Amino acid sequence: MKHETQALRLAKMMQKHITYPTYDLNLPLVMVRSSKLKNLSLNDILLTGFDRLELLLMNGETICAKIRLKPMHNTYGPEIVHIVEDTIKQPDSKKYKMLKISFGTVQSKALEIGSTIDITHLDLEKVTLVSEGKMIAEGSLVNVDEEIAIQIKKVN
């Protein structure tokens, strides 16, 4: 009888627990030649063309917000600077593919300009490369000639 009471109590507690929407934390989207993506190998360096770290919150194929890192108590925290509702359109080109560079998922109660998001559970050096909904590689952020680049650690 005791275990039934505990189970019912746990069920009631979980009903009261509100889950917040989840978003993917990404670098801005990058267009890459299809041949380069097919020939990715271990320790390759993929140049992104970015000279500063700008981030996007995405829900599936929709860009929801733009983020910048703001100094906070000896660390950096992401602050929403712009709310966007933009759907990603895949290019019709066979030569180029849209590449999504993801850090992982985050939760946010509300998307409002000026609000910050908790990213302490993410390792901002590790990224996942996704093209056409498939994870194609894993890597880490590196700096190459003052430009953000990705060093490939694992190819799927």
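Visitor: What makes strand β6 stand out in the lining of the second largest pocket?

Guide: Strand β6 (residues 75-87) gives the largest share of that lining, 4 residues. A strand here is a DSSP run of E, at least two residues long, numbered from the N terminus. This is a predicted model: local features need pLDDT of at least 70, side-chain atom pairs count only at pLDDT 80 or more, and totals for chains, interfaces and linings use all residues. Residues are numbered from 1 along each chain as its sequence is written, and side-chain values use heavy atoms, with hydrogens and water left out.

Visitor: Why is a space called a pocket?

Guide: On a 1 Å grid over the protein atoms alone, a pocket is an open set of points where a 1.4 Å probe fits, with protein on both sides within 12 Å along at least five of seven lines. Lining residues have an atom within 4 Å of a point. Tyr76, Pro78 and Asp118 are among those lining the second largest pocket.

Visitor: How many charged residues are in that lining?

Guide: The second largest pocket has 1 charged residue, with 6 nonpolar and 4 polar. Asp, Glu, Lys and Arg count as charged; Ala, Val, Leu, Ile, Met, Phe, Trp, Tyr, Cys and Pro as nonpolar; the others, Gly among them, as polar.

Visitor: Which element gives the most to the lining of the largest pocket?

Guide: α2 does, with 3 residues. The lining of the largest pocket includes Ser34, Leu37 and Lys38.
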